Amino acid sequence: MLPSATRDPEAVKGVMFGLTAYTMWGCFPLFFALFDGVPALEILIHRILWSCLFLVGLISVLRRWPPVMAALIEPRRLGRVLACALLIAFNWGIYIYAVETQQVLQASLGYFLTPLVNVALGMLVLREVMAKLQLVALGLASLAITIQFVMLGELPWISLLLALSFGSYGLFRKQVPLDGLSGLFVETLLLFPLALLALTWMSWQGASHFLHDAPMSALLVVSGVLTALPLMAFAGAARRLRLATLGFLMYINPSIQFLIALTVFGEPLGLIQLATFMMIWTGLALYSWSSWQSRPRQAMA
């Protein structure tokens, strides 16, 4: 994989774009930890508002309005985009809450679980036939969650909600013929009125932190910009790399979050949690190996 990439300048660019996107996503806990005392809902509201406004300018500069307008004039397509918007907003909100409550380990577990949730959704919803190794990987992940529930007496609900919401988002997103940048703009545009109403209500109640503190206000604005930047890098990677290569790079994000949770935030990792992480990592290794093995057959199909 890597030797061939070094012979192809476009593939090298793709790897760099992929590393940039997943590293930025992986470092998001460090950014959202700066919002000390700001509720997750308020951060989510500003993330929607400012990412939408930033994308207006970006799409104008890149002249990407035609696919956006095509999506906006088709009500049937908008229904699917709205489902995507609600799912990704829910995912963002849970993630911010996880960082605020110092549960980044659970967040990383959620994103480690996401590929296996995609397998499960493909099997249950799309009636896809799964390879044996993929079924074993799914079984290992299910067993790991069961062990946490039985031994610790609680479900890792943050992990499950993150994985299920992002996996479902991917399922709906496949049905929307929009590129990543245009899709994100239409999603945030549909949520923009709700976010604006929520911000107005919070300001009227005196609960808004925006414009009361200059550094915090700047961070809230930057949260929207940082939503779009890694997506742009990811789009650049997706255009240049095979899906198998992109799939391996995907594990950089939760791996960085895992390390940040342990080394920066000092979150405790018990033996049971470590065992369940190892089971899920084993499942991911089997899943990745199965995907890699099936690559030649997919290429010929």
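**A helix pair and a pocket**

Hi everyone, let me start with the lining of the second largest pocket: its residues divide into 7 nonpolar, 5 polar and 2 charged. Here Ala, Val, Leu, Ile, Met, Phe, Trp, Tyr, Cys and Pro count as nonpolar, Asp, Glu, Lys and Arg as charged, and the others, Gly among them, as polar.

A word on the model: it is predicted, local features need pLDDT of at least 70, side-chain atom pairs count only at pLDDT 80 or more, and totals for chains, interfaces and linings use all residues. Residues are numbered from 1 along each chain as its sequence is written, and side-chain values use heavy atoms, with hydrogens and water left out.

Back to the pocket (an open set of points on a 1 Å grid where a 1.4 Å probe fits, with protein on both sides within 12 Å along at least five of seven lines; lining residues have an atom within 4 Å of a point). The second largest pocket holds about 210 Å³ of space. It has 14 lining residues, and L105, Q106, Q148, E154 and Q273 are the closest to its centre. Which helix gives the largest share of this lining? That is α7, with 3 residues. Helices here are DSSP runs of H or I, at least four residues, numbered from the N terminus.

Now please look at α4 (residues 40-62) and α6 (residues 75-100). Among the residues in contact (heavy atoms within 4.5 Å), I43 and R47 of α4 are on one side, and W92 and Y97 of α6 on the other. The residues of this contact divide into 8 nonpolar, 1 polar and 2 charged.

How values were computed
Helices (H or I, at least four residues) and strands (E, at least two) are DSSP runs, numbered from the N terminus. Grid points are joined across faces, edges and corners, and a volume is the space filled by probe spheres set on the points.
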